[in-house]
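Open the model in a viewer and keep the sequence panel beside it. The tour below goes from one selection to the next.

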Amino acid sequence: MTIELHGYQYSVYSWIARLALHEKGVAYRWVEVNPFVENIPVGYLATHPFKRVPALIDAYFVLYETGAITRYVDEAFEGPRLQPVEPRARARCNQIVSIADSYAYWPLVRQVFSQGVFRPAMSHPVDASEFQRGLEAAPRVLAALETIAGGGRYLCGNHLSLADIHLAPMIGYFVLADEGGALLRNYGRLNDWWLEFSARPAFAATMPRLPQV
Ligand SMILES: N[C@@H](CCC(=O)N[C@@H](CS)C(=O)NCC(=O)O)C(=O)O
């Protein structure tokens, strides 16, 4: 039975789920759902009662929450292991995923990317003060990540992990704003990681195609 991923083409969380599936080598069928519209298909609320994306359906197993989806993808399918086994490295990996959700998503994606890149590209009104607030909040997040990023090629050592997969789309959107890119360059290890990760074929293959500004 085909795995389905229900998501919105520009959603950063849907991008994370696609990246995990791609890196794991799992085939899936994409079902486009825009969670921001009023008239979302009623049936979707049975899949995701909080009206967010993404949601993964594997046979009759319905799963939402991106961190749960990426862990399931890693644990349920063959392919490269995407979570460290050693307890401290695994804890770091989980910590970075949680930091991305709790502290990075809002300023980096919803304030800087949405207001500085996405909304202008979609000809939607922009709130410049939200953009500014995102830029002001970002250094604290980037500094925290810089402190805990390991010295290896990836955030949790020399192997790709769900920490990289969760954070990269958020950074990928953030640096589309020139101000975001300039801020990231102040954090040497994080910037080196970013250069390494963003060169992976899966990153380009899954990156949303934004309308041209
Ligand atoms: N906690 C959810 C967050 C997902 C989320 O916020 N997705 C955004 C798109 S990137 C969404 O559906 N937003 C719709 C809305 O805010 O109404 C997860 O980890 O999957």
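Start with serine 161, which is buried at a relative accessible area of 2% (buried means under 20%, exposed over 50%, partly exposed in between, with a 1.4 Å probe and protein chains only). This is a predicted model, in which local features need pLDDT of at least 70 and side-chain atom pairs pLDDT 80 or more, while totals for chains, interfaces and linings use all residues. Residues are numbered from 1 along each chain as its sequence is written, and side-chain values use heavy atoms, with hydrogens and water left out.

Serine 161 belongs to the loop that runs between helix H5 (128-148) and helix H6 (162-174); helices are DSSP runs of H or I with at least four residues, numbered from the N terminus.

Next, select the ligand. Its shell comprises Ser11, Val12, Tyr13, Pro35, Phe36, Arg52, Val53, Pro54, Glu65, Thr66, Tyr105 and Arg110, where a residue counts if one of its heavy atoms lies within 4 Å. Helix H1 (12-24) and helix H4 (87-121) each supply at least two residues of this shell.

- Arginine 52: a side-chain N or O atom is 2.9 Å from a ligand oxygen.
- Glutamate 65: a polar side-chain atom is 2.8 Å from a ligand nitrogen.
- Threonine 66: a polar side-chain atom is 2.7 Å from a ligand oxygen.

Finish with the ligand surface: alone, the ligand exposes 510 Å², and the protein buries 85% of that (Shrake-Rupley method, 1.4 Å probe).

Technical notes: A polar contact is a pair of N or O atoms within 3.5 Å; within protein, one must be able to donate a hydrogen and the other to accept it, and residues adjacent in sequence count only if both atoms are side-chain atoms.
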